[in-house]
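Have a look at the model along with me.

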Amino acid sequence: MAECSQISDETNENENTQKHQEIHLEDAESRNPDDESNSHTEMKKPISPEQEYKASIQMKKSKKKALIELRCRVEDAILGNYMLGKPRGKVPESNKTQENLHDISLWGVPLLPSKGHEGTDIILLKFLKARDFRVSEAFNMLRRTLIWRREFKTEGILEENFGPELENVVYINSTDKEGHPLCYNVCGAFKDREFYNKTFGSEAKCEDFLRWRVQSMEKVIQNLNFTAGGVDSMVQILDLKNSPRPSNKELRLVTKKAITLLQDNYPELIFRHIVINVPFWYYASHTLISKFISQRTRSKFILARPSGVADTLLK
């Protein structure tokens with residue numbers, strides 16, 4: 001592909017410029033209006049509209065180039081049969097196996113760029129944004145995600161049955177005002193000691209809970225639209241009313257593991273993570289958890305005390 005060779009020649013000389021630009025500018029689609037005041041206070045000198053326009057154009061070119069480079073790397077990895085960690089070179093396999101590799105997809109979207117599916121670039125952009133448009137890191141993240149999905153056996157997880165009790169913990173049958181699917185998590189259910197022990201009473205049960213959490217995520221993804229102009233992210237709401245304290249070791253460890261797992265394998269699928277009915281003890285717990293998540297993920301969190309729940313959700 002001509003565009004791939006051209007991108008490869010220019011990558012090294014523009015890498016530092018690209019990283020510098022990405023720190024100071026983001027696409028309009030990923031900017032948080034609530035954070036605008038903070039971003040302006042950090043600037044030592046105001047930027048004129050002309051300067052901002054030129055920087056924006058330059059930034060868009062840089063990100064477009066990163067997307068093209070990632071597309072080329074994914075195309076080469078799939079056709080070269082090493083997208084899932086297999087070595088380069090000729091690997092004896094049946095035509096059927098080779099065809100299945102060419103049909104590799106993520107959340108129902110084909111990953112082979114030459115297939116021309118409009119959702120492919122949308123998926124690739126999510127991995128690029130999660131890694132600040134550093135192509136190598138985004139590519140490795142995508143590969144690790146695909147390998148994890150194979151090892152975790154996410155194929156068919158929607159059909160797994162984890163019992164009727166957990167059905168009252170998550171609700172996923174609504175949207176916000178902009179059409180983002182809502183995933184409403186009720187943590188108060190775990191205050192019941194019998195239910196808590198039944199859910200987290202052993203290592204095997206904790207693993208089942210983690211699989212159920214992944215299943216819930218996959219269910220919400222079914223309602224996303226990976227096409228141009230479609231709603232391709234969700235809103236997570238965590239209701240801490242009557243939630244068990246962090247002294248419950250099993251819940252704390254599983255929650256930490258789930259957050260890390262979702263951050264590493266579901267990039268840019270959460271538009272906002274709203275935590276409501278936040279008790280005072282949660283702030284210390286949230287500070288500890290924040291050490292294990294990226295700054296981009298942390299920026300999506302909104303915490304609301306009981307008195308501010310209504311205003312936060314209406315907004």
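This is a predicted model: local features need pLDDT of at least 70, side-chain atom pairs count only at pLDDT 80 or more; totals for chains, interfaces and linings use all residues.

**Entry 1: a helix and the strands**

**Entry 2**

Next I followed the strands themselves. Five of them form an open sheet in the order β3-β4-β5-β6-β7, and their pairing is mixed. At the edges I found β3 (170–175) and β7 (301–303), each of which pairs on one side only. From one strand to the next, the twist averages 20°.

How do β3 and β4 run? They run antiparallel, and four bridges join β3 to β4, which spans residues 181–186.

**Entry 2: the whole chain**

I stepped back to count. The protein chain has 12 helices and seven strands. There are 315 residues in the chain, and 43% of them count as buried. I also checked contacts with a separation of 6 or more, and 73% of those in the chain are between residues 24 or more positions apart.

**Entry 3: nonpolar cores**

Which residues have the most contacts inside the largest nonpolar core? I noted Leu142, Ile221, Phe226 and Tyr266, in a core of 60 residues. Several helices supply at least two residues each to this core, including α3 (49–79), α6 (135–152), α8 and α9 (249–265). Another core, of 10 residues, lies apart from it, and among its members are Cys187, Leu240, Tyr282 and Phe301.

**Entry 4: around Tyr266**

I zoomed in on Tyr266. Setting aside residues up to four places away in sequence, Tyr266 touches Trp107, Trp148, Arg149, Val214, Met217, Glu218, Ile221 and Leu261. I then visited two of these partners.

Leu261 lies in helix α9. Is Leu261 buried or exposed? Its relative accessibility is 11%, so Leu261 counts as buried, the cut-off being under 20%. Beyond its neighbours within four places in sequence, Leu261 is in contact with Trp148, Leu210, Val214 and Tyr266. I also looked at Thr145, which is 116 residues from Leu261 along the chain, while their C-alpha atoms are separated by 9.7 Å.

Arg149 is found in helix α6. With a relative accessible area of 13%, Arg149 is buried too. Which side chain makes a polar contact of 2.8 Å with that of Arg149? I found Glu218 there. Not counting residues up to four places away in sequence, Arg149 touches Leu106, Trp107, Thr154, Glu218 and Tyr266.

**Entry 5: cysteines**

A disulfide is a covalent bond between the sulfur atoms of two cysteines. How many disulfides does the structure hold? I wrote down zero. Cys183 counts as buried because its relative accessibility is 0%. Cys187 has a relative accessible area of 13%, so Cys187 is buried as well.

Notes:
Residues are numbered from 1 along each chain as its sequence is written. Side-chain values use heavy atoms; hydrogens and water are left out. Two strands pair if DSSP finds at least two bridges between them. Axes are lines fitted to C-alpha atoms, for helices over the stretch in contact, and angles run from 0 to 180 degrees between N-to-C directions. A nonpolar core is a set of buried Ala, Val, Leu, Ile, Met, Phe, Trp, Tyr and Cys residues joined through side-chain atoms within 4.5 Å. Buried means under 20% relative accessible area, exposed over 50%, partly exposed in between (1.4 Å probe, protein chains only). Contact means heavy atoms within 4.5 Å. A polar contact is a pair of N or O atoms within 3.5 Å; within protein, one must be able to donate a hydrogen and the other to accept it, and residues adjacent in sequence count only if both atoms are side-chain atoms. A disulfide is a pair of cysteine sulfur atoms within 2.5 Å.
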